Amino acid sequence: MNILDLLPSTRRAVRNTRDSIESLKDSIESLRDSIESLKCETTAQYDRVFSRTEQADNGINGHLACEFERLEKAIKAHDSKTVIMLWELYRKDGELPEDARKRFFKSIPPATGPLRLHQLGCAQLLSEFNELCKAHNLDYWIAFGTLLGAVRHGGFIPWDDDTDLGMTRADIKKLVEIVEDDSRYSVSVVYDAFAFCRQIRFKYSNENIPCFLDLFLFDEVSDVTHATFETQAALRGEMIEHFISQDWYQEWQAAGYVSENSILGEKAAAIFDAYLNQAEDDGIISANGSGLIWGIDNLTDLNGYDWICSKGDVLPTQRIAFEGAPCEAPANIEKLLTEVYGNIYSLPDDISTHFAHVDLTDSNLESLHLENPDTV
């Protein structure tokens, strides 16, 4: 097609074409205005419909939530009645309900296989640790599941695989110095990027033996109140944000755990120490205080428990049996266990979900040469 065929041939034709174009422009502008008006109206209609739908949905969901809450309460009530009935069936004639519960937990058989071997290895290590602390006048106490197991089972909870101890920061420092001159043992310090904690463990020097005792740091406080614990918790929150802001944080997170002698470990230690000094400067912790508080460089998760207490709840410690050997426990066992776990003779929830701390598929525990496989 020739382009000349598309052009008007006369002035009148050009003027008529121009008038047509102007008219078309006006029509387009009018159409655009109509479209915008329609869009506004459509949006308004959508908002009204969405609002009503959302309101109805919330109403329905709210109703369903209420029904679910009622159902959940009914199930829990039914479960509670069932549990009570089962305990009553288990209880002997003339036996107190609490005694029946204690008898039940005492009757649970210990672990078997590699787990039991690991437990007995850790119990032997605890016995040796106890003697070492006695010889050097160091205070420690069994805590958490280890304390619970000692009271309820006479040793390890059958499905547990770690040993938890508490010590003051000052005594842990002394312990590290003592172990430096003792070829049998070692104290490892590892920085955990997942829990933002300084993980301290007492172990055998022989790295082929996977037994260890977790040592949790405690500092002294003068103001033994919930407010003090919350103030330190807030400072720990700031510390965690400080860690996350570091340009090496991603590298630490990728590694997961780094030793104190590594470059990343030294960087992590510097921040932990800085915030520990800040806690001292702020008066949160103080030497020769009347109470004990969970260290700022321990892990955060305590199942909602605020571990700040009078020294008298822990010290002087008392002797208790653990797997047939003596160890030290807090002065007020009942108070601490009740605050952490509630009724320790209620049925536990973690029998099948307890976190495994040790890979026992390739254990070298045979090197311990336990003389009696049932005790330490």
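This text leads through the structure, from the whole protein down to single residues.

The model is predicted: local features need pLDDT of at least 70, side-chain atom pairs count only at pLDDT 80 or more, and totals for chains, interfaces and linings use all residues. Residues are numbered from 1 along each chain as its sequence is written, and side-chain values use heavy atoms, with hydrogens and water left out.

Start with the whole. The protein has nine helices and ten strands. Helices (H or I, at least four residues) and strands (E, at least two) are DSSP runs, numbered from the N terminus. Of its 376 residues, 39% count as buried. Buried means under 20% relative accessible area, exposed over 50%, and partly exposed in between, with a 1.4 Å probe and protein chains only. Among contacts between residues at least 6 apart in sequence, 70% join residues at least 24 apart. A contact means heavy atoms within 4.5 Å.

Now go inside. Nonpolar side chains tend to be buried together in soluble globular proteins. Here the largest nonpolar core has 82 residues. Such a core is a set of buried Ala, Val, Leu, Ile, Met, Phe, Trp, Tyr and Cys residues joined through side-chain atoms within 4.5 Å. Phe129, Ile142, Leu175, Phe202, Trp252 and Trp307 have the most contacts inside the largest core. Helix α8 (residues 263-281) gives the most to this core, with eight residues. Take Trp307 as an example. Leaving aside neighbours within four places in sequence, Trp307 is in contact with residues including Trp141, Phe144, Phe218, Trp294 and Leu336.

Phe144 is worth a stop. Phe144 lies in helix α4 and has a positive phi of about 50°, although it is not a glycine. Phe144 counts as buried because its relative accessibility is 15%. Phe216 sits in strand β5 (residues 212-221) and is buried, at 14% relative accessible area. Phe216 and Leu165 are 51 residues apart along the chain, yet their C-alpha atoms are separated by 6.1 Å.

Two arginines come next. Arg152 is in helix α4 (residues 144-152). Its relative accessibility is 3%, so Arg152 counts as buried. The side chains of Arg152 and His153 are joined by a polar contact of 3.0 Å. A polar contact is a pair of N or O atoms within 3.5 Å; within protein, one must be able to donate a hydrogen and the other to accept it, and residues adjacent in sequence count only if both atoms are side-chain atoms. Beyond four places in sequence, Arg152 is in contact with Phe105, Trp159 and Tyr345, among others. Arg169 is in helix α5 (residues 169-179). Arg169 is buried too, at 10% relative accessibility.

Finally, look at two loops. Asn137 is in the loop between α3 (113-135) and β1 (141-142). Phi of Asn137 is near 55°, a positive value in a residue other than glycine. Asn137 counts as exposed because its relative accessible area is 67%. Pro316 is in the loop between β8 (308-310) and β9 (318-322). A cis peptide bond joins Leu315 and Pro316, with omega about -5°.
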